[in-house]
Amino acid sequence: MAFQAGGRRPAPRPVPATPEAQAYLQDYAALLEAVPFPSLVVDHRWDVVLANGAFRTLFQGIGPHPTAMPADNFLRFVLFHPDASAVLGEHESSWCLPMLAHFASAVERYGHDHGLQAIRRDIAQDPIMEAAYRQGLPHWIRAVGEEAVEHDGAVRPLHHPDPRWGVTECRIVVETPRSLQELGYTRLTLVLRDRRRTPHRERRTRRAASHLRVVAAGE
């Protein structure tokens, strides 16, 4: 299963080369901390460069995992952590498939990147996820359109540990200033939506990546 894939934590991520870039990130971290909604900065592998307190609060109940903690690599968390569905509502259709689509796009652009190739190998170790990636995903992208790989503006369900939010939704807002973009980073914020505007959704728990079933292998 994907939980066992890799067997060790990813290599430490490099810090920006110049003191100016490091200082910018330090100041940007202070800005991020002032945002009331979960917000994070990632690179093209979805390695988390910065995350604020609201993001840590959202995932505070997540158990340990050797390679897929949300504050380490958010893509790995969505795909491989057995507790992901405890926070990410409608986990397979609303989170896994869009992230797999984004991953496929990243592989096309950065095909020889070692970090992406490691994720690809871990997908291959889970037969059902591999079938979804190789056979079901192209069909799904054709059905929903190229916007499948775009996160900005998407509304997705969440199970927030704070009862003031509870079962809710978030709108993903991608805002990347030029300085972050030049460093190869992207910022995403999960804007929590008022529960009064959020329809009740049945909570379902996905305990392992091998339970991925929303895209049948034969599609």
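## Helices α4 and α5

The axes of α4 and α5 approach to within 11 Å and cross at roughly 130°; axes are lines fitted to C-alpha atoms, for helices over the stretch in contact, and angles run from 0 to 180 degrees between N-to-C directions. The two helices, α4 and α5, are therefore oblique to each other (angles under 35 degrees count as roughly parallel, over 145 as roughly antiparallel, 65 to 115 as roughly perpendicular and the rest as oblique). The crossing of α4 and α5 is left-handed, a term for a near helix turned anticlockwise from the far one by less than a right angle, with clockwise being right-handed. Helices (H or I, at least four residues) and strands (E, at least two) are DSSP runs, numbered from the N terminus.

On the α4 side, L100, F103, A106 and V107 meet L116, I119, R120 and I123 of α5. The residues of this contact between α4 and α5 comprise seven nonpolar, no polar and one charged. Here Ala, Val, Leu, Ile, Met, Phe, Trp, Tyr, Cys and Pro count as nonpolar, Asp, Glu, Lys and Arg as charged, and the others, Gly among them, as polar. Contact means heavy atoms within 4.5 Å.

## Basis of the model

The model is predicted: local features need pLDDT of at least 70, side-chain atom pairs count only at pLDDT 80 or more, and totals for chains, interfaces and linings use all residues. Residues are numbered from 1 along each chain as its sequence is written, and side-chain values use heavy atoms, with hydrogens and water left out.

## Overall chain

Seven helices and five strands make up the secondary structure of the chain. Their order along the sequence is α-β-β-α-α-α-α-α-β-β-α-β. The chain has 219 residues, of which 50% count as buried (under 20% relative accessible area, with exposed over 50% and partly exposed in between; 1.4 Å probe, protein chains only). Among contacts in the chain with a separation of 6 or more, 59% are between residues 24 or more positions apart.

## Helix α5 and its other neighbours

Helix α5 spans residues 114-124, and its buried residues are L116, A118, I119, R120, D122 and I123. These buried residues pack against α3 (74-80), α4 (91-109) and α6 (127-144). At the start of α5, a side-chain oxygen of D113 lies within 2.9 Å of the backbone nitrogen of G115.

With α6, α5 packs at an angle of about 115°, the axes being 7 Å apart. R120, I123 and A124 in α5 meet M129, E130, Y133 and R134 in α6. By class, this contact of α5 with α6 has four nonpolar, no polar and three charged residues. R120 and I123 of α5 also take part in the contact with α4.

W46 has a positive phi, near 70°, and is a residue other than glycine. W46 sits in the loop between β1 (39-42) and β2 (48-51). Its relative accessibility is 5%, so W46 counts as buried.

E90, also not a glycine, has a positive phi of about 45°. E90 is placed in the loop between α3 and α4. Because its relative accessibility is 28%, E90 counts as partly exposed.

## L192 in strand β5

L192 belongs to strand β5 (residues 186-192). At 7% relative accessibility, L192 counts as buried. L192 and P38 are 154 residues apart along the chain, and their C-alpha atoms are separated by 8.2 Å. Leaving out residues up to four places away in sequence, L192 touches F37, P38, L158, H160, W165, E169 and C170.

Terms used: A polar contact is a pair of N or O atoms within 3.5 Å; within protein, one must be able to donate a hydrogen and the other to accept it, and residues adjacent in sequence count only if both atoms are side-chain atoms.
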